[in-house]
Amino acid sequence: MSLLANSTKRGSVLIVGGGIGGMQAALDLAESGFLVHLVQRDPSLGGTMVMLDKTFPTGDCAMCMISPKMVEAGRHLNIKIHTLAQVAAVEGEEGDFTVRIKMAPRYVDPDKCTGCGDCEAKCPKKVPSEFEQQLGPRKAVFSLFPQAVPNTRAIDSKNCLCLTDPQKKRCRLCEKACKANAINYEDQGKEFDVHVGAIILSPGLDRYDARVRPELGLGRWPNVVSSIQFERILSASGPYKGVVQRPSDQKHPVKVAWIQCVGSRDNRNANPWCSSVCCMYATKQSIIAKEHDKHIEPTIFYMEMRTFGKDFDKYVERAKRDYGVRYQRAMVSAVREEPGTGNLVMRYAAEDGTLVNETFDMVVLSVGLQPHADALDFAKTFGIETTDYRFPRTTHFNPAKTTRQGVFVTGTYQGPKDIPDTVMQGSGVAGSVMALLSEARGTETTKKELPPERDVTGEAPRIGVFVCHCGTNISSTVEIDQVVEAVKKESGVAYVTNTIYACAQDNQDMIKQTIKDQKLNRVVIASCTPRTHEKLFQETIQEAGLNKYLFDLADIREQCSWCHKGQNEAATKKAIKIVKMAVAKSRLQEPLKSETVGVTPSCLVIGGGIAGMTSALAVADQGFPVYIVEKDAELGGLARNVYRVLDGSDVQEFLLSRIAAVHSHPNITVHTGTEVKNTDGFVGNFKTILTNGSEITHGAIILATGGVEYEPTEYLYKQSQQVITQRELEKKLFDGNLAPGPEESYVMIQCVGSREEPSQYCSRICCQDAIKNAIAIKERNPKAAVIILYRDLRTYGLREDFYKKARDLGVFFVRYDVDRKPVVEQAGGKVLVTTWDYMLDRELQFDADWLVLSTGLRPHPSTDAVGAMYKVTRNPDGYYLEAHVKLRPVDFPSEGLFVAGLGHAPKNLDETIAQSLAAAGRAGVILSHEKLAVSGIIAKHKRELCMSCLSCLRVCPFGSPYIAEDGKISHNEVKCMGCGICAGICPAKAFQVNNFRDDQILAMIDAAVESESGVIN
Amino acid sequence: MADVAEETAETLRSTPHSIIEKPHETPAAWEPNVLAFACHYCAFAAADLAGVMRLSYSPSVKIIRLPCTGKLDHIHVLRAFEQGVDGIFVAG
């Protein structure tokens, strides 16, 4: 891209914190031409998410999702990972910072360590594992968790027998065990400077230490555990291998209680904010626990169910209906152990005030999130201001920007949030940094130079097989010599040898030399899993001039030696089979060409509200032309009717500044009163015709079609002049400068048109709107009465402060139940509102001068048509369905399409802005490439075999098969992701997936059942 | 469909018992030869994790990696059974 030689900005970025948010930002930036320094305090990337078992509301395994991201970040040429590291000092300014990084000694040389784990096996010192939350042990030389990245052990100097002994003469068992000589007891750590153009802070949050509240029993009663401990208990790779059992006696608990808001929403010895995630994770934990053991009877004790996210309410309904989870609204005052049984007696006040004692087998404390203990020092190091709560100071309209130019924040550090919001902010902050440093893009990144590929067409297979010992990991179970001998006889095998560590640098060189010396044209390495090592070995053979698809990895460690310890004969037999299967496939391998397609570096944004404009500006600031298409005659969308946000920031002022910025931006073209008429193309190469006749070519699309407010039909709306919506009240308050009279009374009803059929979801914004307006009324006239009838007050995260402020100002809150909704009648000049008060256990009546309805959100009516045009799915509520609820919150399954704003789900303005920046960041990744590489592993379509039965067209999740002009099926390989569902379903076998062709799979099957004598058994 | 089922039942009824293969007695130390087809993204990863956790299962289970279990074809299953595999495990 623009390589200005005289640019003063640096094309590199420092990211502090390697959890999911930091990694997302790192990957987006590194993929779009920036060098990233990723500083992580722990010995591995991963953060909080790696400790989780499953994630809500889909029940996906957390590790399965994050592990590929860690591997990708760990292998990325333009991401430099500094683990066990912290930033000591920052100098300079936006565009050019000098950062001092201090690395603690690891005592294991990462250049030599292959991650085999032989040292850990020999280490005699066991200590409680931090990762397992003290529920299981680890060694003094350890890996934080099995999938750790970098896959390098570290020695814990406080517990190592050798390092705690001044003579360093004791033990040394790990040193003896390490065949790679990677152990270095003399390691001193290091300090060094890096120069970067911008800084992103994503250190995450700590968890509240519930031992501060001894009455709840954590640390006192063994069967009281924290929620993060319970995550580890649930985890199949955790200390109890996924068996739900009590720490005290390993008994399977039946009655399990969750106590919500431990450390949250409480000023005494705890934090005043809401931690945002606990209601959902407790629901998830109760569901998963029940799935693990159907005898479990979960009860969740809560104050308010704050399940405000996309599809969250449905999840709670499912928990109640399908899993029998009991939700008990109550504050628990104390937990004590029943002597002799280990059971726990909980004392709580039921909603009607009666005190109840109930006994449980196990209690889980849903602990909240809080800034790390050193949060103030951390902020000081980077020169940023913090709030009273030690969170970084940001603004509603720019949630990623700190008080210091060029220093950004992302993830939970900015405020408690869940994984999708964290990932969204990660991409969003990347988008902001791309815009800031756009002129320096590509100035500091490196590209791997590879020798020209040797043409092997027409050559008979000459397969080289390298069988790895992995120290003793494989060789202690599998007889390597026998494998080598057995494979030698296979046809096509030209060379077989063994190697101690195939992945170590010296052996990589040996493999490259052997390819040349033996004129090998295919390589099989028998070692570990392709999921972590395939790319490494593919690069190795590329460096020796072979096409990377002439490689196969036979997994004889994870899937053989590690599972069949002690069964050496059977394991060796299996290893031979696995290698023969790989050889059988390898014989049929062909070099594959990775095609590339050009990219039109411009972006189409559909929708000109805050989401569309924010995305457009963030893409345009990166230097790419942007076209905004807005249906209405003017820009602004729904925000035109919004005046203030909860913290008082002026929305209209912000909106006008955005509209002005859009109109004056040289890279932005606005088409108002216009819609998309026709669209065609694929990632990097879209062609769109608008209803005004304009024809646009562009490389990416952002769908920001927005939402509309629900227009109520209930509660006398439109029948009584005194019944208005929150938005109408807001207009009176902030636009009309309404001064409420001293005797005036306002009754507000929440969840109008939300959280009940046919719209069984939370609209997320209405509680904030009600509180914002209630505060404004009270501040203008403290004597005016404001009563809010609510189901659950969902002022999540740091918004909780305003709930407290409203209560302090004298706003009344009365809960109602969906089965007993308020009844509204007109009585002369008043609106009479009757509701049931569950606290007083009696009916209440209010004479209201104004009845204010908190109406929910709906997707914009155009969502369906736009969705159909771009073949993106909508969920049952009509909102766009993203590619992955957790890790791809702004992507669609089809590449090059992104989503932002209310079209995705209801959300607050700051969240819309974060998501819009994320869409811009994700689009920037594509647009910054001159060419996009298409993977070699794609489906190939043979038109001469195809009968155009359309089976493939129906099943392909990516829309790559299409009906061509001649009326028959063709296949767009650029869209293909190589899943092979088309190949599975095609009755004519017109589709074959490269490297997973049917002949290759059949050859593997044959090799799997062939006996050693060559006879099929 | 119902017709097909009836036809099959009828064929079985009319076939002399002598030519229907009797179920085999399972020898004591017999281990079924199982072939697993695993999706690269989930089940194959799970098999890796089983190894990482040192969980033990029969060494007669061998795994073939697919890009997605949607790629599995009838012919793969038929060929495996034809070659004498005792069981097939599709996981994804």
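Mentor: The crossing of H10(A) and H14(A) is right-handed, meaning the near helix is turned clockwise from the far one, by less than a right angle. This is a predicted model, where local features need pLDDT of at least 70, side-chain atom pairs count only at pLDDT 80 or more, and totals for chains, interfaces and linings use all residues. Residues are numbered from 1 along each chain as its sequence is written, with chains lettered from A and ligands numbered from 1 in the order in which they are written.

Trainee: At what angle do H10 and H14 of chain A pack?

Mentor: About 40°, with the axes of H10 (480-488) and H14 (568-587) 9 Å apart. Axes are fitted to C-alpha atoms, for helices over the stretch in contact, and angles between N-to-C directions run from 0 to 180 degrees. Helices are DSSP runs (H or I, at least four residues), strands likewise (E, at least two), numbered from the N terminus.

Trainee: Which residues in H10(A) meet H14(A)?

Mentor: A:Gln482, A:Val483, A:Ala486 and A:Val487. Among their partners in H14(A) are A:Ile576 and A:Lys580. Contact means C-beta atoms, placed from the backbone, within 7 Å.

Trainee: New topic: what's the strand order in the chain B sheet?

Mentor: E2-E1-E3, an open sheet with parallel pairing. Pairing takes at least two DSSP bridges between two strands. The edge strands are E2 (61-66) and E3 (87-91) of chain B.

Trainee: How many bridges join E1(B) to E2(B)?

Mentor: Six, with E1 covering residues 34-39 of chain B. B:Cys39 stands opposite B:Leu66 in E2(B).

Trainee: Which helix packs on that sheet?

Mentor: H2 (43-52) of chain B, touching E1, E2 and E3 of chain B. The direction of H2 makes about 115° with that of E1(B).

Notes:
Contact = placed C-beta atoms within 7 Å.
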